[in-house]
Amino acid sequence: MRLDYLYGTPFEIYQDEEMFHFNSDTELLGRFIKVSKNDSVLDIGCNNGALLLYAGMHGNKRLTGVDIFEKATSLARENLERNGLEGTFHTCRIQDYEGMRYDIIMCNPPYFDTRNEDLKNLNPYLRAARHEEYLSLWDLLSSVKRLLAKNGTFFMVHRPDRMQEVILQCAKLDMHVCVVKLAYASHLGRAKSILYGIRHGEGGMKVDSPAYLDDRDSFQEVRL
């Protein structure tokens, strides 16, 4: 177990050596989410609680995390308590979770849908974090559809090569991408990540100013 500073926050966070560690996508998403003090917040695949800590920066006290691993929900609870925050945690698949409807849902999901076992990590925590073995994109969006409040927003980060799939699957569920933000390693090269704000129903899509990993001032919150 090691203790690290969570970028862009006043918090320190414990990270288990076996589990997925927060990375640039975590920070991008954490600083992209737009949370009001009284919003109910759900983190799908909460892992060590990093995204809930970003949400807690806004003074929010209605924080919930769901993860399939007891080790993850226990660590997330410990990290919130260490930093003076409280949350409610459930160890289960989001497909089986029967909670309330949330104003804000967020997720840094597994990105890869390969069925090639040779490409999957043997570490069960990293395997679940990176591969859609337990949570496909469709299952994720279907669960969000069920759990998102009428005027709520779902915030997600995903890979650029699956952007069309994200938009099409949202449309099938009567949801729409209301804002996107592209993230680049630098001002040169292709986008490495796309941040999404997704809502119920139909509507237009805004393209927010880009984020650059070598310029943290570009990580500003989304403008919905």
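Two residues are in contact when heavy atoms of theirs lie within 4.5 Å of each other. In this predicted model, 67% of the contacts between residues at least 6 apart in sequence join residues that are at least 24 apart. The chain has 224 residues, and buried residues make up 53% of them. Its secondary structure consists of six helices and 11 strands.

Strand β1 (residues 2-5) and strand β2 run antiparallel and are joined by four bridges. One of the residues bridged in this way is arginine 2, whose partner in β2 is glutamine 15. Six residues stand between the two strands of the hairpin, and glycine 8 takes a positive phi near 80° there.

Aromatic rings were examined next. A pair of aromatic rings is described by the distance of the centres and the angle of the planes. The count for the structure comes to four aromatic pairs. One of them joins tyrosine 5 and tyrosine 7, with 6.0 Å from centre to centre and 85° between the planes, an edge-to-face arrangement. Tyrosine 5 has a relative accessibility of 44% and therefore counts as partly exposed. Tyrosine 7, at 41% relative accessible area, is also partly exposed. Phenylalanine 32 and phenylalanine 155 are both buried. Ring pairs also connect Tyr5, Tyr7 and Phe22 into a cluster.

Helix α1 is mostly covered, with seven of its nine residues buried. The buried residues are Asp25, Thr26, Glu27, Leu28, Leu29, Gly30 and Phe32. Their cover includes helix α2 (50-56) and the strands β6 (102-107), β7, β8 (175-184), β9 and β11 (211-212). At the start of α1, the backbone nitrogen of aspartate 25 has a side-chain oxygen of asparagine 23 within 3.1 Å.

Aspartate 25 is also among the contacts of serine 193, a residue of strand β9 (residues 191-200). Serine 193 has a relative accessible area of 0%, so this residue is buried. Beyond its neighbours within four places in sequence, serine 193 is in contact with Asp25, Val157, His158, Arg159, Pro160, Lys181, Leu182 and Ala183. With one of these residues, arginine 159, the side chain of serine 193 makes a polar contact of 2.5 Å. A polar contact of 3.3 Å joins the side chain of serine 193 to that of lysine 192.

In soluble globular proteins, nonpolar side chains tend to be buried together. The largest nonpolar core of the model has 33 residues, of which Leu29, Ile33, Val41, Leu52 and Met106 touch the most other members. At least two residues of this core come from each of α1, α2, α3 (70-82), β6, β7 and β8. Helix α2 gives the most, with six residues. Leucine 52 touches Val41, Asp43, Cys46, Leu63, Thr64, Gly65, Leu80, Phe89 and Met106, when residues up to four places away in sequence are not counted. Another core lies apart from the largest one and has 26 residues, including Ile44, Ile94, Met175 and Tyr196.

Finally, the cysteines were considered. Cysteine 46, one of the residues touched by leucine 52, has a relative accessible area of 2% and is therefore buried. Cysteine 178 is buried as well, because its relative accessible area is 9%. The closest cysteine sulfur to that of cysteine 178 belongs to cysteine 170 and is 9.7 Å away, so the two are too far apart for a bond. Across the whole structure, the search finds zero disulfides.

Notes
Residues numbered from 1 in each chain as written. Predicted model: local features only at pLDDT ≥ 70, side-chain atom pairs only at ≥ 80, totals over all residues. Heavy atoms only, no water. Phe/Tyr/Trp six-rings, centres within 6.5 Å; stacked < 30°, edge-to-face > 60°. Buried < 20%, exposed > 50% of the residue type's maximum accessible area, 1.4 Å probe, protein only. Polar contact = N/O pair within 3.5 Å; in protein donor to acceptor, adjacent residues only side chain to side chain. Pairing = 2+ DSSP bridges. Core = buried A, V, L, I, M, F, W, Y, C linked by side-chain atoms within 4.5 Å. Disulfide = S-S within 2.5 Å.
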